[in-house]
Amino acid sequence: METLQRILADHPFARGLSDKHLELLTGCASNVRFEAGQEVFREGEEANEFYLIREGKMSVELFAPERGSVNILTLGEGDVLGWSWLVPPYRWRFDARAIEPTRAIALDGKCLREKAERDSELGYELLKRMAHIMEERLHATRLQLLNVYEAHS
Amino acid sequence: MFMKPTVEEQTVHGSLHPMVPQPWCVRRLRWETEDTFTFELTSENGLTKFCFLPGQFNMLYVFGIGEVPISISGAPAKAGSLVHTVRAVGAATRALGSLKRGAHLGVRGPFGSSWPVEEATGKDVVIVAGGIGLAPLRPVIYEVLAKRQRFGRVCLLYGTRTPDDILYIKELEKWRERGDLQILVTVDRAGQNWTGNVGVVTTLLAKAQFDPDNTVAMVCGPEVMMRFTIRELQSRGMGVNDIYISMERNMKCAVGFCGHCQYGPTFICKDGPIFRYDRIQHLFAIREI
């Protein structure tokens, strides 16, 4: 049977981490499963976890009155869902939902924050990885904002 | 005395004078989305086959309104008809969209360079399309699928505005069912009913299966989208010599005379619209052109 540490090590987010750091991460990790349509978190709730998606598909949504839930990003295998656990006030800024049956590793943000405070090397590794994801998402959002497919006569 | 060439002469020697439109007739017109339609034309002067290469374009003339360059979106091997997909954004393209079955229009072409389908033999093929950019790439897909065993892995990455803007939706489904083509579609925004991908087309590249050392990439879409796609392809390890893009500028004569589509030392209509990226890489960063 695959151990959680092994599964974690295979995920792109954790690839290249030292055994020591992997062990620290594993101590805050658990396997989770979401059914299609199941809410993962909701805007305003406490952000205590984030998710490394192993299989399936999740959406990041924003509720807009009169428009309902607007799907603004889809995440799948190898992607990471959530960074509000890292930044005060530790509240979700968006909703998230599983679009398909989804398997993920949930990482306890509180637990990780405490470990990162004690181990600055771990903290730096985590920050580097999260910053990379944030940069990619910001970049993609800017491109989306350009509305490049809009018709021009 | 001027002698009108026979149909046989046209077929043997290519088209008539490149500046003289030939009469074609609308056989059918179908709206793909709210602003984009595909129409099929038949020749009025007895041409049974219109030879073109994937990526080439025609100048379509709506009598009394104007002429526009439109890529051919049909299958190169299909005889007797000519297919174009058009987005109605200006006077001429809107007029094209209002043509009824049996209506006439003028066609000059085909013009321009083509996608490197032959060069991709034995390699993986990555096709990246944004919005209406799928139309000039559809002939590539037809060609690749017709000779599927000649190519390695083939993936089509397609991004557009919303689920309602997806072109060739039934065909995409049919291609997906074949199982020998990886098709990933994403939209920039969607409602809750959409269960597909949301995000920019470049995010699909991480999911695409290909060997960067043995792949030909063909990219067509808005210039910004192509710029970011090229960066992403390069970060996946692809070389600039294996990336082909389709450029767009204001084309008028289509044969390199008028200079409207000049792009640095090249003319998009004659030297393009398809370019190997390394050949125009130095121009890509010059904003003034």
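**Notes on chains A and B**

1. In helix H4 of chain A (residues 120-145), 26 residues at 1.5 Å a residue should span 38 Å, and the end C-alpha atoms are 36 Å apart, which agrees. The expected span here is 1.5 Å times one less than the number of residues. Helices (H or I, at least four residues) and strands (E, at least two) are DSSP runs, numbered from the N terminus. After H4(A) comes Asn147(A), with a positive phi near 50°.

2. On provenance: this is a predicted model, in which local features need pLDDT of at least 70 and side-chain atom pairs count only at pLDDT 80 or more, while totals for chains, interfaces and linings use all residues. Residues are numbered from 1 along each chain as its sequence is written, and chains are lettered from A and ligands numbered from 1 in the order in which they are written.

3. The axes of H3(A) and H4(A) come within 5 Å and cross at roughly 125°, which makes H3(A) oblique to H4(A). Angles under 35 degrees count as roughly parallel, over 145 as roughly antiparallel, 65 to 115 as roughly perpendicular and the rest as oblique. Axes are lines fitted to C-alpha atoms, for helices over the stretch in contact, with angles from 0 to 180 degrees between N-to-C directions. From H3(A), Leu112(A), Lys115(A) and Ala116(A) meet Leu122(A), Gly123(A) and Leu126(A) of H4(A). Contact is a C-beta criterion (atoms placed from the backbone, within 7 Å). By class, this contact has four nonpolar, one polar and one charged residues. Ala, Val, Leu, Ile, Met, Phe, Trp, Tyr, Cys and Pro count as nonpolar, Asp, Glu, Lys and Arg as charged, and the others, Gly among them, as polar.

4. Chain A has an open sheet of four strands in the order E1-E8-E3-E6, with antiparallel pairing. Strands count as paired if DSSP finds at least two bridges between them. E3 (residues 49-55) and E8 (residues 102-108) of chain A are antiparallel over six bridges, and Leu52(A) has Ile105(A) in E8(A) as its bridge partner. Helix H3 of chain A (residues 109-118) lies across E3 and E8 of chain A, at about 45° to E8(A).

5. In chain B, six strands form an open antiparallel sheet, ordered E4-E3-E6-E1-E2-E5. Strands E4 (66-71) and E5 (82-87) of chain B are the edges, each pairing on one side only. The twist averages 40° from one strand to the next. E3(B) (residues 57-62) pairs with E4(B) in the antiparallel sense over six bridges; Asn58(B) stands opposite Ile70(B) in E4(B).

6. Chain B is divided into domain 1 (7-111) and domain 2 (124-246), with bounds from an automatic or database domain assignment. The contact between them takes 15 residues from domain 1 of chain B and 14 residues from domain 2 of chain B. On the domain 1 side, five are nonpolar, seven polar and three charged. The C-alpha centres of the two domains lie 25 Å apart.

Notes: Two residues are in contact if their C-beta atoms, placed from the backbone, lie within 7 Å.
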